[in-house]
Amino acid sequence: MSADSPMDNYEKLFEVAKQNEEARREKPRILLGTASCGVAAGALQVKEFFLKEIESHGLDAEVVEVGCIGHCYAEPLAIIAKPGFPAITYGNLDEGLVHLLVEDFLAGEDPCYEYALAAVDRNDVFPTFEDFPRGIYENKLILEQCGYIDPESIDSYIEKDGYRALAKALSDEPARTLDEVKASNLRGRGGAGFPTGRKWETSLKAGGDEKYVICNADEGDPGAFMDRSILESDPHQVIEGMVLCAYAIGATEGYLYIRAEYPRAVKRVREALEQAREKGVLGSSILGTEFNFDLQVFQGAGAFVCGEETALLSSIEGRRGVPRYRPPFPAVEGLWGKPTVINNVKTFSYVPHIINRGADWFKSIGTPESPGTAVFSLVGKVVNTGLVEVPMGTTLRELIFEVGGGLPDGKEFKAVQIGGPSGGCLPESALDVPIDFDSLHEAGAIMGSGGLVVMDEDDCMVSVAHYFLEFTQQESCGKCTFCRLGTKHMLDILTDITRGHGDEERLTLLEELAEDVRDGSLCNLGRTAPNPVLTTLKYFRDEYKAHIEEGRCPARACRDLVLFYIEPSRCSKLCNVCVGSCPTEAIYTRDDGLKAIDQEKCVKCDNCRKACPPEYNAVIKLSPPVLPPEKEKKRT
Amino acid sequence: MQLLEGERELILSTVEEVLQNSSRNREDLIPSLQRVQSKLGYLPALAMEKLAEGLDIPAVDIYGIATFYNQFRLNPPGKYQVKVCMGTACYMKGGEITLESFERRMEIEEGETSPDRLYSLERVACVGCCTLAPVVVVNDDHIEGYVTPTRVDGIMLEFEEADQKEEETEKETEEETKKTAAEGGKNK
Ligand SMILES: Cc1cc2nc3c(=O)[nH]c(=O)nc-3n(C[C@H](O)[C@H](O)[C@H](O)COP(=O)(O)O)c2cc1C
Ligand code: FES
């Protein structure tokens, strides 16, 4: 073991990293977004196009697979960094654009600004993402390097001062690290917002010489993908945060609990762990000190409830993921009964920044009670879908309309769903609520792990409540009665309402049941499961009423309450598009040449409505599902 | 589901191999099941029984684990596997209609495999490309966006064509080998 101080050892790593990365930058480089979102949009094919074009032009350029920069609406995306030019981001890449970029920019001198999205760093020629209108709202701390550094190369992370916080911490007592995190007021980003420093301190004080640090990357919210994106784009940031935690509480072993549905994240984290061990920032005698800590990946097997910390522990121990009563909290009695700190991916990601730049800096961002930033995956009916990071305290309106660019197709905003199956639906009137743990809670939603779904006039609130409740109902582990049976009853009632069979009495029952399940369940899965129902009942009661009293779905979304109808006055007899689009051959041509729908055969798939040319727009949805009487012609 | 020819042997040898690399502790159970599934594509009842013997855990416990976690499948995957995204964004854009269309075309229900093992159909939660909703994952690695019922017909047609082509090449190679074998015989 070397006698050098941890900082000396770090500076050596840093120098090597800098040299290696600088050497890489001498060649033109294409940083291609290949996180799952990019791959889904075809990034791997784009990679082939680049390689082919580079070869056919006889160029010497490197194609690097990076993570996600958060502008998922423009995937596949790449940053082209050519010496002598500012690094530029290009979106919506296809074979033609790749050909053009290689020929004109890489082989030539023309950066094709007309196709550019934004520059990476400030320069005199082209605006950056920060110059976008949304730039003033965004503040990227833990997403800062995502998509810009090579997640498969530790040098790329170290060069950006990665692991410097670790060296700094190791140069001092563990208590200093803990004090800094405590002073920063960092709150857990896994949903509940528990103060991280306090959790660590509890573990430290619990005593014993075996302790564990676990990163919760189970991310079960079916509309969220921030944690995955961070692991795929910047895995070392999370690892460094975990090592810092281990140092602060005196742990020697840890796990990253990653969903098995995230194979890319698992692979990148495993590689990152390997490289971290090689560099001596993980494993035994970290940075030349006597501190040892090692990490391994545990692949979760796909159960939402395993995101709950005690269920997660059961699952690592090889049992069914069933939560248990707390206290004792895992910080005192966790994995194999030993003190265990469990934090979310994002929570750990903030830690290196806090150690590097200090608690006061962290507290200067966000609000006093919820310092720092909030990370969301913004999806649904919003123009700029993707990952966003804004300071806590930003309002929902700013987030949706400024950062997200508002709703597409000129549709009317109806609601925003925050916090996934445990969260709630907030209406227009709640849009000025600032985003922080406490304000959202007051409004009836929760911060959750960061899924944010925007809904417009075409989304039915009863059906959305039904969707989330069905999810939690299926994922209930079945241990406690309220959660197992209560959610089932609630779901039955909701199902009836969406089919037009509800009644006022059962609506009251639904509300009572929701409150009982909330109060009577053992873990937060059950306790929060009624939230989507309670918030929609609170803010959108008239929609429930319309279903019950009129058999009408105002959004025309509940399929049992709508029918598809071709408006004869708008139908052009000459066009056959709808007939061809129907998967069940329900559309036929009447004797008079007009098209009509055989309601018996119609599966309400919406194909014909989409297929009907906009100049006619003849297919409409009717709710309640009653045909206009005189037009109820039989098929001849 | 009926075991195919030679499948029994494959199951036994796979379990044997997984057991050899296992510490045989309880904590190794879920990773062991994951390994078996990644080899065989599913968890056949026979494999669970043999694992139970090897790890000295009651078979019912293993079954309990396998049914508790969504990742484990008790049906073999089809040659063409379709997973329909039922994440929030996809649900709102009609994922359910897509799922139903596949059920209609494949003549199986969600969670099932067709008896000839050609098709299997599942639902998954958000695969992270909500912009392309509704989304379908084909054979684990190929993602299709904007899958309307008409596109479902297209995808099914592609499967049928691919399968037919494969059968033809198989037949050709078979005939080829027969021919060469016959010619080889003549030359002797
Ligand atoms: C049903 C349920 C699901 C959960 N899912 C997650 C999850 O996917 N990711 C996560 O970090 N925390 C999840 N949690 C919260 C964890 O129990 C725990 O509070 C969190 O991991 C602590 O980390 P933090 O302090 O950094 O927030 C879930 C809780 C419940 C009740
Ligand atoms: S909800 Fe289907 S990809 Fe996100």
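Q: How many residues does the contact take from chain A and from chain B?

A: The contact (heavy atoms within 4.5 Å) takes 51 residues from chain A and 38 residues from chain B. This is a predicted model, in which local features need pLDDT of at least 70 and side-chain atom pairs count only at pLDDT 80 or more, while totals for chains, interfaces and linings use all residues. Residues are numbered from 1 along each chain as its sequence is written, chains are lettered from A in the order in which they are written, and side-chain values use heavy atoms, with hydrogens and water left out.

Q: What area is buried between chain A and chain B?

A: Buried area is the accessible area (1.4 Å probe) that two parts lose on being put together, summed over both. Between chain A and chain B about 3400 Å² is buried, and carbon and sulfur atoms give 59% of that area.

Q: Which side chains meet in a salt bridge?

A: A salt bridge is a side-chain nitrogen of Lys or Arg within 4 Å of a carboxyl oxygen of Asp or Glu. Between chain A and chain B the count is one salt bridge; Arg559(A) and Glu100(B) meet in a salt bridge through their side chains, at 2.8 Å, N to O.

Q: How is the packing of two helices described?

A: Two packed helices are described by the angle between their axes and the distance between the axes. Axes are lines fitted to C-alpha atoms, for helices over the stretch in contact, and angles run from 0 to 180 degrees between N-to-C directions. Helices are DSSP runs (H or I, at least four residues), numbered from the N terminus. Helix 18 (residues 481–498) and helix 22 (residues 541–550) of chain A pack at about 65°, with axes 8 Å apart.

Methods:
Helices (H or I, at least four residues) and strands (E, at least two) are DSSP runs, numbered from the N terminus.
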